[in-house]
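Please examine the sequence and the model shown below. The text after them may be read alongside the coordinates.

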Amino acid sequence: MQLGRTNGDGSYARGFAMATVGIVVVSPDALLVRLIETDVWTLLFWRGLLSALALGVFLAARHRSATPEILRTIGRLDVVAALLMAASMVLFVIAIRLTTVANTLVIFATMPLFAAGLGRVFLREAVPRQTWIAVATVLAGIAVIFAGSLGGGNPVGDLSAIGAAFSFAGALVICRRTRAVDMAPTVALSGLILAVVAAPLATPLAVDARSLAYLLVLGALVIPISFVLLVTAPRYLPAPDVALVMLLEAVLGPLWVWLVLAEVPARETFLGGAVILGTLILLAVHGVRHNR
């Protein structure tokens, strides 16, 4: 994800701020998923529908009469990105429900490495040797986490987290390819796709008032705000910096759950997480220095 050097016009600070706010906003995502008392498909239906509606209102307020023209700019690559985002959301929720939040978020933190590999294959972006060394090290960290899951966790949940990371990485690669385009309609489309896919298996009216309130916060605020910021930040911020900022979720997410639900991460998760986060931080710092 090499977008080149940033200009001295405040673009770097703008991109860094967007990525940081996006991660801070999305950090309670895993906690809210745990607090919502409903089945997976009903949760996904409301999550997708509310985010699509919220972004639809945002687009209408922002572009007014030009909104239909903006929506018509959605191309095939944008549709693919929306499908990948929707798949990532499905797998992320399944992972949260089946394994620990710490496992899910630490494994999801491998997403920048998947993005580097996919960028090399589809965008012909050069991947330096240290990135492949980091990939090998991160895979070792994931193996440690899986070892803990096999002893009492849920390997299917961990595999779902890997699938979520891979899917979102694919979406980011497409965002790099179409970075001159407003990505808000694509994020809205991903929510609509998610709602349509989940609708046949969902029971939308069988949600109590408390869970509905959490769904409103998650679907109408957390998801649309954070996703739009995260997929827009690569326009202004080099990839190593984005990767470094996105690691915050692997720290903040389990912290929220630990504080509210007292879910203490397993020892293997701490060990594997330290390997993964340490590797990614070193890689990101090296990339930042090289870019500058």
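Predicted model: local features only at pLDDT ≥ 70, side-chain atom pairs only at ≥ 80, totals over all residues.

Residues are numbered from 1 along each chain as its sequence is written, and side-chain values use heavy atoms, with hydrogens and water left out.

The secondary structure consists of 14 helices and zero strands, where helices (H or I, at least four residues) and strands (E, at least two) are DSSP runs numbered from the N terminus. Of the 292 residues in the protein, 52% are buried; buried denotes under 20% relative accessible area, exposed over 50%, and partly exposed in between, with a 1.4 Å probe and protein chains only. Ala188, in helix H10 (residues 184-198), counts as buried because its relative accessibility is 11%. The C-alpha atom of Ala188 lies 9.4 Å from that of Leu59, although 129 residues separate the two along the chain.

The whole structure contains two salt bridges, a salt bridge being a side-chain nitrogen of Lys or Arg within 4 Å of a carboxyl oxygen of Asp or Glu. One of them joins the side chains of Arg47 and Asp29, with an N to O distance of 3.0 Å. Arg47 belongs to helix H3 (residues 40-63) and Asp29 to helix H2 (residues 29-35), so this pair ties together parts that are 18 residues apart in sequence. Both Arg47 and Asp29 are buried. The other salt bridge links Arg72 to Glu69 at 2.8 Å, N to O. Here both partners lie in helix H4 (residues 67-72), three residues apart, about one turn of the helix. Arg72 counts as exposed because its relative accessibility is 60%, whereas Glu69, at 46%, counts as partly exposed.

Rolling a probe the size of a water molecule over the atoms shows where empty space is left. On a 1 Å grid over the protein atoms alone, a cavity is a set of points where a 1.4 Å probe fits but cannot get out; a pocket is an open set with protein on both sides within 12 Å along at least five of seven lines, and lining residues have an atom within 4 Å of a point. Grid points are joined across faces, edges and corners, and a volume is the space filled by probe spheres set on the points.

How many cavities of 30 Å³ or more does the structure hold? There are two cavities of that kind. The largest cavity has a volume of about 130 Å³, and its lining includes both Asp29 and Arg47, along with residues such as Phe92, Phe227 and Glu249. Helices H5 (76-98) and H11 (209-232) are the elements that give two or more residues to this lining, and H5 gives the most, with three. By class, the lining of the largest cavity has eight nonpolar, one polar and three charged residues; Ala, Val, Leu, Ile, Met, Phe, Trp, Tyr, Cys and Pro count as nonpolar, Asp, Glu, Lys and Arg as charged, and the others, Gly among them, as polar.

The second largest cavity has a volume of about 60 Å³. Among the residues that line it are Phe108, Met246, Glu249 and Ala250. H6, helix H7 (111-123) and H13 each give two or more residues to its lining, which has eight nonpolar, no polar and one charged residues.

The second largest pocket holds about 210 Å³ of space. Of its 13 lining residues, Ala250, Val251, Pro254, Pro265 and Phe270 lie nearest its centre. The elements that give two or more residues to this lining are helix H6 (101-108), H13 and helix H14 (267-291). Its lining has eleven nonpolar, two polar and no charged residues.

Helix H13 (residues 248-261) gives the most to the patch, with five residues. Leu259, found in H13, counts as exposed because its relative accessibility is 64%.
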